[in-house]
Amino acid sequence: MISASPSTDEEKVKQSALTYLRAWGESPVPPTIAATLITSLHARPPQILPLLFPPVLLASSFLNLYNYTTDAAGISAAWSGLYLLLARRRRPEHMMQKFGTRGVVRGAAMGVCAVNLAAGGWVYGTGRKGEGDNVG
C-alpha cells in the first residue's frame with residue numbers, strides 16, 4: 001500500500017529543485033565558468049564592454065570563497081543578467097553561425113548566465129543579511 005500522498009511527492013520534488021537551485025547559487029564555480037566562456041568569446045578581437053564582465057564574476061567567486069555567499073550570489077546574478085541583456089542584442093545572420101563553434105560557446109555562456117541569474121537571485125532573495133552572512 002502506498003503511504004505517501006501525491007501532495008507530499010510534489011513537495012519533495014519542489015524541495016529538491018529548490019535545493020539544486022540553492023546549491024548552484026551558493027557555488028563559486030558557475031560564475032567562474034561564465035567568466036571563462038565570456039572571455040573566450042570576446043578576447044579575440046578584443047571587445048572592451050563584454051570584457052568588463054569576467055573580472056566582476058571572478059570577484060564574486062572570490063567573495064563566495066570567503067563565505068559571503070549571499071552577497072556573491074547577488075553580484076553574480078546581477079552581472080549575469082546584464083551580460084544576458086548585452087548578448088541577446090547580437091543576432092547571427094546565417095544559420096551556420098548559430099551552430100558553429102562560436103555559436104555553441106555563445107549559447108553555453110548565455111545558458112550559464114541564465115541559470116546564474118535564476119539561482120543567484122533565489123539565493124540572494126532568500127538569504128540572510130547582516131552579521132551572520134559570513135558565518136557560513
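Helices (H or I, at least four residues) and strands (E, at least two) are DSSP runs, numbered from the N terminus. In this predicted model, local features need pLDDT of at least 70 and side-chain atom pairs count only at pLDDT 80 or more, while totals for chains, interfaces and linings use all residues. Residues are numbered from 1 along each chain as its sequence is written, and side-chain values use heavy atoms, with hydrogens and water left out.

**Overall make-up**

The protein has 6 helices and 0 strands. Read from the N terminus, the order of elements is α-α-α-α-α-α. Of the 136 residues, 30% are buried. Here buried means under 20% relative accessible area, exposed means over 50%, and partly exposed lies in between (1.4 Å probe, protein chains only).

**Cavity and pocket**

Both terms refer to a 1 Å grid over the protein atoms alone: a cavity is a set of points where a 1.4 Å probe fits but cannot get out, and a pocket is an open set with protein on both sides within 12 Å along at least five of seven lines. Lining residues have an atom within 4 Å of a point. Grid points are joined across faces, edges and corners, and a volume is the space filled by probe spheres set on the points.

The structure holds 1 cavity of 30 Å³ or more. The largest cavity contains about 60 Å³ of space. Two or more of its lining residues come from each of α1, α2, α3, α4 and α6. Helix α4 gives the most, with 3 residues. Among the residues lining this cavity are Trp24, Pro30, Pro31, Asn64, Ser76 and Asn116.

The largest pocket has a volume of about 230 Å³. Its lining has 13 residues, and Leu41, His42, Arg90, Arg102 and Arg106 lie nearest its centre. At least two lining residues come from each of α2, α4 (69-88) and α6 (101-126).

**Helix α2**

Helix α2 covers residues 29-42, 14 residues in total, and spans 20 Å from its first C-alpha to its last, close to the 20 Å expected at 1.5 Å a residue. The expected span is 1.5 Å times one less than the number of residues. Its buried residues are Pro30, Pro31, Ala34, Ala35, Leu37, Ile38, Leu41 and His42. Pro30 and Pro31 also line the largest cavity, whereas Leu41 and His42 are among the residues nearest the centre of the largest pocket.

**Salt bridge and surface**

A salt bridge is a side-chain nitrogen of Lys or Arg within 4 Å of a carboxyl oxygen of Asp or Glu. By that rule there is 1 salt bridge. It joins the side chains of Arg22 and Glu26, at 3.2 Å from N to O. Both residues lie in helix α1 (residues 6-26), 4 residues apart, about one turn of the helix.

Phe62, Leu65, Tyr66 and Tyr68 make a nonpolar surface patch of about 460 Å². Leu65 belongs to helix α3 (residues 53-65).

| Residue | Relative accessible area | Class |
|---|---|---|
| Arg22 | 27% | partly exposed |
| Glu26 | 31% | partly exposed |
| Ala114 | 34% | partly exposed |
| Leu65 | 60% | exposed |

For the patch, residues need over 30% relative accessible area and no salt bridge; like charges are joined within 9 Å, and nonpolar side chains (Val, Leu, Ile, Met, Phe, Trp, Tyr) within 5 Å. Accessible areas come from the Shrake-Rupley method with a 1.4 Å probe, and for residues only the protein chains shown count as cover.

Ala114 is placed in helix α6. Ala114 and Tyr83 are 31 residues apart in sequence, and their C-alpha atoms are 9.3 Å apart in space.
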